[in-house]
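Please open the structure in your viewer and keep the selection tool at hand.

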Amino acid sequence: MALNRPRSCNPRVLKAAVVVVAMCFFGYILGPPLYWHLMEGLAAVSHSSSSSSASCPPCICDCSSLPLLTLPQGLTNSSFADCAKHDPEVTEDTEKNFAELLSEELKLREGEASESQQRADMALLEAKKITSQYQKEADKCNSGMETCEEAREKAEAALLAQKRLTAMWELRARQRGWKEGVAKSHTQSLGNVQAA
């Protein structure tokens with residue numbers, strides 16, 4: 001009896017497939033960055049070739065008296081020193097423009113500051129008016145409280161005097177034989193007689 005063995009892949013075909021898949025992954029991952037670097041390099045080369053062929057006047061510089069960079073063999077590179085020099089006309093224009101910009105900025109800031117000062121002054125004036133109104137109301141309230149306090153004190157004094165007077169009359173009535181129960185019944189009988 002023969003056993004059916006599964007057919008195995010050829011190791012060479014398997015290695016070739018793994019290499020192809022690895023190359024695809026490699027191209028997928030590193031392809032776009034390499035493409036962009038290549039395009040930037042080509043653009044830089046074409047730009048430098050077109051700028052060298054453009055009609056730009058050569059720089060004339062005499063910077064031998066102030067060398068900016070001394071090379072190892074004693075040579076001087078004067079192109080850096082030339083770039084460091086300032087053109088008087090350009091410097092004056094730049095300074096004028098800068099001064100104009102600064103003056104405009106200062107005027108704007110001054111306008112904003114004056115507007116905010118006016119708003120603050122108006123708010124302060126309004127706050128003073130409101131404070132004055134509240135002070136007047138508080139004075140009225142204090143005056144009313146003082147009047148009420150005086151009236152309460154007078155009412156208390158009048159009540160106390162009335163109680164003393166009542167106590168005195170009650171004492172006199174008792175001394176003359178007045179009894180509380182008899183007075184109530186007598187008052188009721190008088191009321192009944194008047195009603196009839």
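Helices are DSSP runs of H or I with at least four residues, strands are runs of E with at least two, and both are numbered from the N terminus. The model is a predicted one, in which local features need pLDDT of at least 70, side-chain atom pairs count only at pLDDT 80 or more, and totals for chains, interfaces and linings use all residues. Residues are numbered from 1 along each chain as its sequence is written, and side-chain values use heavy atoms, with hydrogens and water left out.

**First selection: glutamate 156 and arginine 152**

Select glutamate 156 and arginine 152 in helix H3; because they are four residues apart, about one helical turn separates them. Their side chains meet in a salt bridge, at 2.5 Å from N to O. The term denotes a side-chain nitrogen of Lys or Arg within 4 Å of a carboxyl oxygen of Asp or Glu. By this rule the count is four salt bridges.

Glutamate 156 is partly exposed, with a relative accessible area of 47%; buried means under 20%, exposed over 50%, and partly exposed in between (1.4 Å probe, protein chains only). Arginine 152 is also partly exposed, at 39%.

Glutamate 149 has a relative accessible area of 35% and is partly exposed.

Move along to arginine 174 and glutamate 170, which form a salt bridge with 2.8 Å between the closest N and O atoms. In helix H3 they are four residues apart, and therefore about one helical turn lies between them. Arginine 174 is partly exposed at 42% relative accessible area, and glutamate 170 counts as partly exposed at 34%.

Finally, select Val21, Phe25, Phe26, Tyr28, Ile29, Leu30 and Leu34, which form a nonpolar surface patch with about 790 Å² of accessible area together. Patches consist of residues with over 30% relative accessible area and no salt bridge; like charges are joined within 9 Å, and nonpolar side chains (Val, Leu, Ile, Met, Phe, Trp, Tyr) within 5 Å. Accessible areas come from the Shrake-Rupley method with a 1.4 Å probe, and for residues only the protein chains shown count as cover.

Where does leucine 30 lie? Leucine 30 is in helix H1 (residues 11-53), and leucine 30 is partly exposed, with a relative accessible area of 35%.
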